[in-house]
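Here is a short report on one protein model. It covers cavities, cores and salt bridges.

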Amino acid sequence: LDDTTSCSASTDSLILKLHDVNGVKFGEYKLKSGLLAPIYIHLRVLVSHPALTHQVTTCCLHDWAAVPLCVPYTALPLATVTCSRYELPLVIRQKEAKDYGELPSTDFQKGDTCLIIEDTVTSGTSSLETAEGLCKEVVLMDREQGGVEMLASKGIKLHPIISMSQLLRVLQAAERIDAQTSQSVHKFIRDNNTFCPKNGSDSPASKKLELSYSERAELGNIYLLASKLLKIMEEKQSNLCVSADVTNSEELLQLAESLGPKICMLKTHADILEDYTSAFIQNMQALAEKHNFLIFEDHKFADIGNTVKRQYDGGLYQISSWSHIVNAHAVPGVVKGLSAVGKPLGRGCLLIAQMSCQGTLAAGEYTKAAVQMAEEHSDSVMGFICGSKLTERPEFIHMTPGVQMQAGGKSDCTHGYTVHAFSGTSFVVVTRGAPSSTDCTPEGEACTVSDQEIQRFV
């Protein structure tokens with residue numbers, strides 16, 4: 001916010017009032033990411049305190065000539081009250097995709113200045129999603145964890161009403177908190193900065209905390225099978241999954257025996273085996289137990305819940321009886337059907353959120369919907385098939401098919417493979433199969449790679 005005397009003088013009193021109504025709390029709080037924080041900002045309480053909301057709105061629009069736009073959902077009451085008080089039009093960014101329109105009818109015109117109102121900022125991601133192509137100024141509370149720097153790097157100027165440093169200073173001066181509490185919060189903020197500049201600076205202010213596999217495995221809200229997988233990754237110091245697209249069960253068992261000690265997961269296609277038997281499955285389960293890897297049946301479920309239940313539990317393959325993990329397209333009902341069968345057995349599901357094949361529809365709004373579906377069913381969905389990191393929640397596994405032909409590679413798919421750059425994902429998938437040359441694609445899903453090359457990626 002601009003540094004006018006009237007609003008600047010009121011922020012200290014605003015901080016104290018927020019503390020009075022538990023809008024700011026100190027202790028030990030588990031965040032959405034799974035981290036334990038010594039402070040919790042709970043600005044939803046503002047809706048129950050009209051006088052306090054009035055004070056906030058005074059700061060939000062002091063001397064600003066702009067069309068306000070709010071980030072859903074906590075900031076919506078603030079933006080609504082602000083616009084009603086000053087008789088200004090309001091634009092609301094929709095969080096979910098709709099089949100009709102994108103923004104409500106407003107006086108918002110191309111070229112107008114747009115002011116985003118948000119409750120708090122940590123990384124600045126939600127503000128950036130709203131601001132891209134729309135505006136240059138954002139008003140909110142800054143947790144000082146890299147949001148200002150990240151938005152500035154995108155050409156967006158952030159104007160906080162309150163900063164974390166100011167909040168701690170005021171509360172300590174008023175003897176609401178002691179020096180130890182203030183230092184604890186400052187340390188947490190420093191250690192959990194979310195912005196790393198492109199110049200690669202490794203200063204404490206630019207570091208982003210990354211949890212180890214073992215730390216993620218111990219998160220309180222992580223799905224049990226995801227925890228087991230992360231522990232395997234930590235123990236083997238490997239994030240390798242081999243895609244065993246072979247058609248002979250004996251060859252598949254030999255592959256599992258030779259590569260089992262080096263991999264965390266073996267991806268199978270039971271329905272392409274020409275000699276599938278229950279004896280084969282028993283042998284595969286024994287190898288998974290012997291070498292400590294999980295079996296991932298790449299079935300790609302995509303049907304209504306009742307049909308999916310029958311496909312998963314019954315039929316020739318009885319997948320739920322032996323496969324630790326399956327995957328599915330983000331079709332309504334599919335997770336519920338899989339969960340009904342797999343959850344009692346401790347099985348897990350990966351949602352297909354992105355695909356690399358040309359012309360794929362698994363992108364954009366579909367990907368966002370898949371992430372939302374996973375978050376709503378985190379008691380059975382353990383992660384995603386994707387090409388990049390889709391959520392900051394560390395309890396989710398991100399699994400990326402990882403072998404592709406280098407530019408200019410030979411068309412018979414027997415040379416020139418490399419693991420492509422995958423951004424923040426948990427697994428690289430190396431394909432070991434024997435397709436015909438006509439099946440070979442740049443995405444690597446049907447390409448072969450030798451045992452020696454696979455070992456190179458461990």
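The sections below go through the basis of the model, a cavity, the nonpolar cores and the salt bridges.

## Basis

This is a predicted model, in which local features need pLDDT of at least 70, side-chain atom pairs count only at pLDDT 80 or more, and totals for chains, interfaces and linings use all residues. Residues are numbered from 1 along each chain as its sequence is written, and side-chain values use heavy atoms, with hydrogens and water left out.

## The second largest cavity

Five cavities of 30 Å³ or more are present. A cavity is a set of points, on a 1 Å grid over the protein atoms alone, where a 1.4 Å probe fits but cannot get out; lining residues have an atom within 4 Å of a point. Helix H13 gives the most, three residues. Helices (H or I, at least four residues) and strands (E, at least two) are DSSP runs, numbered from the N terminus.

Ser-339 sits in H13, residues 334–342. Ser-339 is buried, at 16% relative accessibility. Buried means under 20% relative accessible area, exposed over 50%, partly exposed in between (1.4 Å probe, protein chains only). Beyond its neighbours within four places in sequence, Ser-339 contacts Pro-344 and Ser-380; contact means heavy atoms within 4.5 Å.

## Nonpolar cores

A nonpolar core is a set of buried Ala, Val, Leu, Ile, Met, Phe, Trp, Tyr and Cys residues joined through side-chain atoms within 4.5 Å. The largest has 44 residues, and Leu-338 is among those with the most contacts inside it. Leaving aside neighbours within four places in sequence, the contacts of Leu-338 include Phe-301, Val-308 and Cys-349.

## Salt bridges

There are nine salt bridges, each a side-chain nitrogen of Lys or Arg within 4 Å of a carboxyl oxygen of Asp or Glu. Arg-176 pairs with Asp-20, with the closest N and O atoms 2.9 Å apart. This pair links distant parts of the chain, 156 residues apart. Arg-176 is partly exposed, at 32%.

Asp-191 pairs with Lys-187 at 2.7 Å between the closest N and O atoms. Both lie in helix H7, four residues apart, about one turn of the helix. Lys-267, Asp-298 and Lys-300 are linked in a network of salt bridges.

Key:
On a 1 Å grid over the protein atoms alone, a cavity is a set of points where a 1.4 Å probe fits but cannot get out, and a pocket is an open set with protein on both sides within 12 Å along at least five of seven lines; lining residues have an atom within 4 Å of a point. Grid points are joined across faces, edges and corners, and a volume is the space filled by probe spheres set on the points.
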